[in-house]
Amino acid sequence: MIQDILKTNTNRAYVYKILSEFYNSPQENVTELGTVLKTKAESLYPQLIIHINGHNFERNSLLLDFSRLFLGPFKLLSPPYGSLYLEKNSQIMGESTMDALKIYWKNGLQIEGNRIPDHISVELEFIYFLIIKEIESDDDEDMNTFRDKQKIFLKQHLARWVFSFTKSLSENAKTEFYKNLAHFTRDFIKAEITWMNE
Amino acid sequence: MENKTELSRRNFIKNTAGIGAVVGLSAGLPLSLKAFSQKKTKITGNGGEWKSTTCQGCTSWCSVQVYVEDGRAIKVRGNPNSKVNLGKACVRSHLALQQVYDPDRVKVPMKRTNPKKGRNEDPGFIPITWEEALDTIADKIMELRKNHETYKYVLMRGRYSYMRDILYDRMTKIIGSPNNISHSAICAEAEKFGPFFTEGLWDYRQYDVKNANYILIWGADPIATNRQVSYYSKMWGDVMSHAKVAVVDPRLSATAAKADEWLPLKPGTDGALAVAIAHVILTEGLWNREFVGDFIDGQNHFITGHDIDETTFEEKITHGIVKWWNLELKNKTPEWAAKKVGLDVDQIRRVAIGFGKAGSQSLSWVGGGPVMQVRGCYNSMACNALNGLVGSVDNVGGTLKPNKEYTKKFPAPDDFMDEIAKKGKKHKKMDGRGTKEFPALKKGKPGSGVVTNHLADGIINEKPNEVKVAIGYMNNFTFSCPESSRWHKALSKIPFTVHITTHAAEFTWFSDIILPAAHHMFEKYGYTKNHANGYRHVTLLQPVVDSYLDVKQDETEIPWLIAEKLARRGFTNLLDHYKTYIDPESGKSPKNSEEFAIYALKYATQPLWDSSEYKGGDHFKNWAEFSKVGVWNSAPYKFKKRWKDGFKTETKKFEFYSETLKKALTKHAEKHKTTIDDILKTCKYEVHGERAFIPHFEEPYIIGDEKNYPFIFVDYKSRLNREGRSANTAWYYEIKDVDPGDERHKDIAKFNPVDAKRFNIQNGDRIKLISKTGELECTAKLWEGVRPGTVAKTYGQGHWAYGQLASEKFGVKARGGNNNDIIPAEYDRLSGSTAYYGVVRVKVVII
Ligand code: SF4
């Protein structure tokens, strides 16, 4: 039983972490990360692996698509920031961003480098962090606390906007990679919500 | 429990290691946290605090405070410590919040991947590191140095703080180029022309509205746009209760809407109105005896149509009153003017007499409207000369110069300029200043003023030479200069361009590298100075929020980082120079870009905060106190000091006959081995002979014939433009109706209902305005606040590349229309200024 939970959590941690990576500027390791993701997702939610193909990705075309979608400089096609979906002002660093930031602070974390606190990759990595905390917990109570924190964070933040985001991403992405990423992210978070509620 | 814990930990670690072995580490999969660190965090949670900085939403440069909570800016107010803006901030200041938190800001350095440049070429920008960006820039500069062609480097400056010289002047000189080109000539340089050639002041004035009884405003809108908008907005209720206000403007400005008199004259004819007012003042005997002097016999011989013998008038602090009368004023009656300017004779007379009677407490306020025109410099002189007639210049209730302040210049670059630099710098500038057709007589020195918009032609025609490397900062000449299409061509031609900017704009579209700049109000160190209310302040720009973007300070950090890269390539001069900017407190030389930014600021402002160097004005104990207060105020104004000490003109007097201009024009003509008359003709002025040296009326120079282009186009700046950088903020569109006559979410061209009937234009029609230069699309509106025969439209919209809100279809279709697409590239050549107003006729097509 414990082994099962542990295995599930380890796989979950990897999926969150790799997704988080995928929403950063694409590096050389995209293809390899995809392979790991496939292994991890397969044992977690086998239905999701249709979104992962084993293609090799050309970094430059990914970079171009990444910039158009998430970075600009002229206009973001699919803004990767929570506040853009949760607030009406189309601004970064909104109230909802500050709420996420304060949750990180409460958990002893500070934003490292130049990252906007409700960037999708930051929120995904935060859940990854909470899963690791759950895994590392000394007792059931701690474990439950960290599991609850994941649930609450998903409910109050990521899950409130991620589906609008992935919809926009799947519509605007030019590359197969980001289209698949949109679908995978959407189905994964959906599956996570269902699983957590079980 | 123990067991489980052990098990879980071990398993996780084992798994982790496993993954690492398979792909993780070799593929760079970081299992450690990337977005977070686990340093101790302080949660403040105990409310926020007001932090002092500066707004540069326009050149009012108000000292402001930002309310910061948990590192985030919440709201803005005027800094109560400033004696210039008195704790007030205008509507635009708040838009800054939507700028700094705009999702479309440039977040990281980027590079172009599409080698082709053009309006229809998507640049294909991708992110790069600061390292890569700076390395590329340094390589390009080193190549110029290696080939001894450093003069092919151009620095284009838009809005700046007074840290400007680090990047604009010192870096350009030490690299070895003459080409640091500022934006000033697309701002309001011609406004300074009149004051300089009458009273020796090349600067913007302050207006003593507290004590003025009559305020005559020419094409300025002080409660809406530049300058000291916050101060004048605060004062205006008061002003209206004790002074008469008359506004000369073809459209009903915010200030005109509240004024006692609105004089909607034909665009460009301000000079005619000004000389007619002068005529009335003299014929009615309303001039100031103490300042101007009087006829020896005490009688008034200023009789319409009569010449006067100069020896009969004893002049005091002015020069050339009788010459002015004989050469220009004697026949310039209100009746004559009424026909030229298209106003009622009675109104002209009424305003002239009201102004004259208020005596030295009446002020003539010259804005950009009448002067940023092809022959605007003479309007500038004519309108400003009225202050001389009534003796309000330098007087209580009149027009004042800036008070003294004591900031220091940055260390001189000379010792760091090597042979390559010295040779390079000797080349001619790219903007054509000083050529026969561009006298640009800044401060009376031919060829010393900038001709910003003409740089495009220099680049296109490779005259005097080609440009190979360019850096632009906080500028968008591709949008803000008339006949913008020339800039598309020019920038497409430069092989390597860097844009340092907070927001990618039309200029960026043609660039090779984008460097993300810190926002001046929230993320940057610097200072600015300005004057109003009888004071001058020096106000600090300071980083007041936590920034989550990978931005750097444009005027300090970026040149330092470039200098480091150049040093690594063997050229250490620039870095060696920057290292001389010693922190006055610690005596230390800067070691990195962050230290450099703050040391440079402390260095330049030292006499304001270091009590051992105290020279005057507010007194501070130390830097920490100054930084917290955020602003230094000068001593109060010393009225009439220049009456005693003399004006900085050739004659030391207030010149109605400008010996100062005569000297400057003579110099320029001699340089080109020709006559002054020839120069004036080349430069498109009507005048010749002696009248060239006096304030006089020139027919406006307007492009397009009335038959084919029935409307004179009246361009003016939206009160929501933060130096043209707010077009991607939601509030801009939501409250656009703060511009009188405008509507929310629209870009409006306003027609008088009389014209609308004639041309069958309806409210809400989608229209094209077409000039000989180009066309734009917008929405028509019928409005009485615009003079028949003209169409008025604010400048500010019409971006095709500025972010999600600013364009309709990004990169393709603009939202609204850019006035500069229909305004031709024309100049007031004596001042070098670009003409925006009264320069073009348009026709209307309903679409
Ligand atoms: S926009 Fe101009 S007037 Fe308004 S607060 Fe800023 S500097 Fe002052």
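Helices α2 (91-100) and α6 (229-242) of chain B each supply at least two residues of the shell around the ligand. Helices (H or I, at least four residues) and strands (E, at least two) are DSSP runs, numbered from the N terminus. The model is predicted: local features need pLDDT of at least 70, side-chain atom pairs count only at pLDDT 80 or more, and totals for chains, interfaces and linings use all residues. Residues are numbered from 1 along each chain as its sequence is written, chains are lettered from A and ligands numbered from 1 in the order in which they are written, and side-chain values use heavy atoms, with hydrogens and water left out.

The ligand is surrounded by B:Cys55, B:Gly57, B:Cys58, B:Ser60, B:Trp61, B:Cys62, B:Cys90, B:Arg92, B:Ser93, B:Val229 and B:Ser230. Each such residue has a heavy atom within 4 Å of the ligand. By class, the shell holds six nonpolar, four polar and one charged residue. Ala, Val, Leu, Ile, Met, Phe, Trp, Tyr, Cys and Pro count as nonpolar, Asp, Glu, Lys and Arg as charged, and the others, Gly among them, as polar.

The second largest pocket holds about 780 Å³ of space. A pocket is an open set of points on a 1 Å grid over the protein atoms alone, where a 1.4 Å probe fits, with protein on both sides within 12 Å along at least five of seven lines; lining residues have an atom within 4 Å of a point. Its volume is the space filled by probe spheres set on the points. Of the 33 lining residues, A:Ser25, A:Phe66, A:Leu71, B:Val108 and B:Pro127 are the closest to the centre. Two or more lining residues come from each of α3 (59-71) and α6 (120-136) of chain A, and β6 (126-127) and α3 (130-146) of chain B. α3(A) gives the most, with six residues. The lining has 16 nonpolar, nine polar and eight charged residues.

Strand β16 (residues 362-366) of chain B is largely enclosed by the rest of the structure, because five of its five residues are buried (under 20% relative accessible area, 1.4 Å probe, protein chains only). B:Ser362, B:Ser364 and B:Val366 lie on one side, and B:Leu363 and B:Trp365 on the other. Strand β10 (residues 214-218) of chain B pairs with β16(B) in the parallel sense over five bridges; pairing needs at least two DSSP bridges. B:Ile217 stands opposite B:Trp365.

Six strands of chain B close into a barrel in the order β25-β29-β26-β28-β27-β34, with mixed pairing. B:Lys717 stands opposite B:Tyr795 in β29(B).

Key: Buried means under 20% relative accessible area, exposed over 50%, partly exposed in between (1.4 Å probe, protein chains only).
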